[in-house]
Amino acid sequence: MVTTQHHTERHATLAVVGAGSRGLGVVERLIGHCLAEPFPVTVHLVDPRPLGPGFHRQDQPDHLLLNTVCAQVTAFADAQMVDGPTPVGGPSLYEWCRERELRLGADGYTVRAGDGREIQPNDFLPRRLLSEYLTWAAERIVAAAPAGFRLIRHAATATDIRPGDGGGETVVLDDGTRLEADAVFVTVGHQALHLPAETAEEPRLITRPYPLPEALDGIAPGDRVAVLGMGLTAMDVIASLTLGRGGRHEPTADGGLRYVAGGREPRIVLANRSGIPSRSRPYLHPGRIRFAPLALTPDRLRSLRAPREDGRLHFADDVLPLVEAEMELAYYRTLLARKTGDTAGAGAELSRRVAESGCDGALAGLRGEFGPCPLSGVLTERLTDRTWPDQAAYARWCTARVGEDLAEAREGLGACAVKEALEVLRDHRDALRAVIDPPGVDDASLAYFFGEFTATVNRLVIGPQLDRSVELLSLLDAGVLRLGPGPRPKVIAPAGTGPWRLESTCLARPESIEVDHVVQAHIAEPRADRLPASLLGRLVAAGRVTTLAAGGSRVPGLRVTRAGQGIGPAGDVRPTLFFLGPHTEGSSYYNHYVPSPGAPSRALQDAELALRTAFPALTVRTS
């Protein structure tokens, strides 16, 4: 049942600064409320770019892919995603592509109308399509707004947000315009990617490899280039330096690929700090069941917080064992389903065992029945703790790891016990958010969570598309790409015009590799106070919001309330200034994604909560 109350006494005015997917979420939520029970509101939308796509560009080449399958991407809210009104329906990215009769080419990434096979729900599609889709969806959502909803677009950049003379906020634009609003929602996304790149002291060091491929134009054919990182950004860089330079991958009889060079590729050295390759995103079987947590439950987290004076948890002692138990339960649930042929029945049986014997008792019985889980210690794995004989030994291990993971990814979610166990880190992301949400965790845990733990999660479940791993093996076979000198290589800058060097630190037989260029392929949003020319930098400097780092934390995000309100240096809350998105990482967890249909969406829930907090008359709840 939905109860709705609207007691708007006057025409409300708000401003949304930043028109990417988070800004679109605020606009969509507000239009939903206006359609459920009309009331007058004016929205100032501030961004030089159109509403919807954010940093996704329509001119990107097709080989730059999304790492979420197209059926799991939508701009339209449904009743499972958020507890507010959802009157504006629309297609997912998959449905949108099918409506336009778009097809996927034989190369596995080129999408055109009428050329290739039909697009499937499990396909990873070009990012340019998400840009087109979000632009289209935004216009459809805005077109559905009732007469009392007024959207004023400002193709400008906000340079400051100051307290309004009569309450509320004043937004200052770079064209001199001043906008008065009852509340402002700052949704600038990955703002650093929209700022001009700093001039590099060493032009052969690329610290920001976006936009692609332009950022790599200085790398000539045949040059030696070190790509530091093995995640999504690194795969983007490698694709741009191979597929983007005229190369192609041809299928082989054994199901692999053979790389055919285009002639303009550099010679690539791939290395990262951990030495561990990222695991591929698995195939998603239709009808796969996502189970509720049995160990990492809200009740368990509440019981752990209750005796603490400040309510804060210690992640390694309190939460990590629950995450590990949840992963192990998912592993055995999959084996049980394989044994019985009944996935839902296996879930019910596992729930019964946990209810009767507790997690520890149920796991003890399952280990006796099926043997040990092979993922023990996966969340704390360290290659740097051991010494490898030489680079060849490390390369053999790394290549074998990629191959093993590829086989598991092909078996897919809903079938592979290892991938089901790892997917706990995605399926129960809301439980991890509940750990970080106020009162959160202690300071040491916060640093660990957003340092080591999130990096591990990204490597395990936010990795590259399955095909990218096949391409990586193909490039290794072709000799276009080689692995670096083991984990945690030391990167030594050149003296004068000499080469860069990567020197081993974990090999018994030391090795040094010389390269002409270094690409830092791991993107992190800088602290706002380190970007003084940005809007967030100015707001921090003015004391309108603080960073978590200001309190001694190593986490770079802004300090905000659960509703997204900025918190000042003295702990004072800015009641009409809201921040939503990646720049709040640390006050909450995992803020950079586009919602999926049919599943709770924290992005839309955050927008809903912020709007309710700013305008209490919008209260809409589901019971």
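The legends below describe close-up views of strands in a predicted model.

**View 1. Strand β16 and its burial.** Strand β16 spans residues 267-271 and is mostly covered, since four of its five residues are buried.

**View 2. Strand β13 paired with strand β16.** Strand β13, made of residues 224-228, pairs with β16 in the parallel sense, and five bridges join the two. Within this pairing, V225 has I268 of β16 as its bridge partner.

**View 3. Strand β16 paired with strand β17.** Strand β17, which covers residues 481-483, runs parallel to β16 and is joined to it by three bridges.

**View 4. The open sheet of strands β8, β9 and β10.** Three strands form an open sheet in the order β8-β9-β10, and their pairing is antiparallel. Its edge strands are β8, residues 158-163, and β10, residues 178-181, each of which pairs on one side only. From one strand to the next, the twist averages 20°.

**View 5. Strand β9 paired with strand β10.** Strand β9, made of residues 169-173, runs antiparallel to β10, and the two are joined by four bridges. In this pairing V171 stands opposite L179, which belongs to β10.

Notes: Residues are numbered from 1 along each chain as its sequence is written. This is a predicted model: local features need pLDDT of at least 70, side-chain atom pairs count only at pLDDT 80 or more; totals for chains, interfaces and linings use all residues. Side-chain values use heavy atoms; hydrogens and water are left out. Buried means under 20% relative accessible area, exposed over 50%, partly exposed in between (1.4 Å probe, protein chains only). Two strands pair if DSSP finds at least two bridges between them. Axes are lines fitted to C-alpha atoms, for helices over the stretch in contact, and angles run from 0 to 180 degrees between N-to-C directions.
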